[in-house]
Amino acid sequence: MVLRGLHAPLWLSALLSVLGAVFYGAMAGFGMASVRAVIMLVVAILGEWLGKSYDMLTGLGIAVLLMLIYNPMSIRDQSFILSVCAVSGVCLGIKILRLMMRRKKIKKYFKRHRLVKLLAEGLITSLCVNIVTFPVIAYMYFEIPIYSFLLNLFVVPLMTVVVYAGFIGIIFSAVSVFAGRLVIAPGGLVLNMFEWLAKIFSELPFSVINTGKPGIWFIIFYYLILIFVLALSDNKICEAFYARMRIRLNRRKWRRLRAMLSLGICTLFLAVIICVRILIGRERIVFLDVGQGDGILVSTPRGTIIVIDGGSTSEGGESLAEYTLKPALKALGMADVDFWVVTHGDTDHVSGLMYILENYDMSNISIDCILMAGYRGNSERLEEIRRLADENGIDTVYVGAGDKIEDGSAEMVCCHPDKDYVADGTNDASLVLSYLSSDLSCLFTGDMSEASLDYMFTKNGALLQDEYMYLKVPHHGSKTSMYEPMYNLIQGRTAVVSCGKDNSYGHPHNEVLDKLQQHSCSICRTDKSGAVCIYIRNGTLEFEEYK
């Protein structure tokens, strides 16, 4: 546009524009979005060269076709999918703006108020991008940023400053590094402003909503409804349908019927989503594959979220939190944690939790309360967790044998340690939790040894159930935690061992595996099965393993 304004020949303008686009794509690393943008620009330039009008959807279609021909697996690339959806959203925004401009009153108002027009165009386009990309973002990241459409009002127009500052700065830096830095500086300031705005928006109430991972059928159904609503709003389609079907309504009533039908369908779809989220599939127990450590998620029938531990010695705290704990909590719709239980302070039980607390503001995980053993001599790490919790406004409660969490038909009872117990080490002071509901029961045993198990069964055996459907085998299957009465509680049921693949401790020990087999127990190991998920669906207990 600039070159044509300077009366440069069409062929020169086209050549320099294509070279500039390719150069930009190279600087950006030729990611999927960059390649798509370059192809669409080339299509637009060729269209002008050939005297054809450019259509954004046609350009997008050509770009998608060429990229899939070159690499069919691009269709699974997140940046490719998001880029296509974002451009589709822009096209939708342009269509809505054109429909609005057909109304004389709106057109006249926008002519008199240019600033309002610019804001309206930015807001509508940004909203349309969010509407189209919402299910894809929820599927990929398990959450949606509510205020992103407002943030885009600043980001989209100011990105021009960043791009131009970068291009011109590179040219100037060939002559003088100082001159290059001076020219690039405005772009840097804009980027710093983006970071500042993002932080402000992230601190607003309901800035991020955890959606969980939606199913493929939900996404398909969502887009079908979106297409249907768009068809209802398209005058050409509806007028053709009106004429062909000979509907016995005047056009004014026909337009009202279309609007009511669109609103009704959207309202019904939203109501179904809310009902499904509230009523279906709430209760589950998930034993995460955290390597050599423990990480367990529990959701009660009423939706109370309880996390037990969250650490590993084979995975660093950052890696465990970023690639296991946080994605699992978000994907399962459990990012708003009611209680995070720390059985004891060893690294393999707390490293991931400590990383989340150290980076709490950016985690998008909410924790209401952290429960720790009332046995104060447990670990220095527990004091560090309490300090971090205080800094982030999270309640800390010390619990002991007899304390419980009640949630309707479900309850989580602490069975160990009691106030009289004297532990030989941190493992013996592990919190033991008994979970019971109308459909599920499980005993979570931390890293208890045979001696501490014997104390619990002797002193606090009344807090235990006569039998359990599932047992979290203590201390990752160590032979020092073998205890016959415990195995009797799960005779013929299922034992879950949380341990790392090829761990240096040899967990689980053969003696433990043999003892479980003697009691006819099914054995699940996270090092072989991956995450183990137990849940209720339509009143039926189901069991899945995720490798």
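Predicted model: local features only at pLDDT ≥ 70, side-chain atom pairs only at ≥ 80, totals over all residues.

Biologist: Which residues have the most contacts inside the largest nonpolar core?

Modeller: In soluble globular proteins, nonpolar side chains tend to be buried together. Here the largest nonpolar core has 34 residues, and Trp340, Val342, Ile367, Ile370 and Ile385 have the most contacts inside it. Elements that each supply at least two residues include β5, α13, β6 and β16, while the largest share, six residues, comes from α14.

Biologist: How many salt bridges does the structure hold?

Modeller: Eleven salt bridges. In one of them, lysine 330 meets glutamate 143 at 3.5 Å, N to O. Lysine 330 sits in helix α13 and glutamate 143 in strand β1, so this pair ties together parts 187 residues apart in sequence.

Biologist: Are lysine 330 and glutamate 143 buried or exposed?

Modeller: Both are buried. Now look at glutamate 322 and lysine 326, whose closest N and O atoms are 3.0 Å apart. These two both lie in helix α13, four residues apart, about one turn of the helix. Buried means under 20% relative accessible area, so lysine 326, at 9%, counts as buried, whereas glutamate 322, at 29%, counts as partly exposed.

Biologist: Which residues form a positive surface patch?

Modeller: Arg103, Arg252, Lys253, Arg255 and Arg256 form one. Arginine 256 lies in helix α12 and, at 52% relative accessibility, counts as exposed.

Notes. Residues numbered from 1 in each chain as written. Heavy atoms only, no water. Patch = residues over 30% accessible without salt bridge, like charges linked within 9 Å, V, L, I, M, F, W, Y side chains within 5 Å. Areas by Shrake-Rupley, 256 points an atom, 1.4 Å probe, with all protein chains shown as cover. Salt bridge = Lys/Arg side-chain N within 4 Å of Asp/Glu carboxyl O. Lys, Arg positive; Asp, Glu negative; His and termini not counted. Charge placed at Lys NZ, Arg CZ, Asp CG, Glu CD. Buried < 20%, exposed > 50% of the residue type's maximum accessible area, 1.4 Å probe, protein only. Core = buried A, V, L, I, M, F, W, Y, C linked by side-chain atoms within 4.5 Å.
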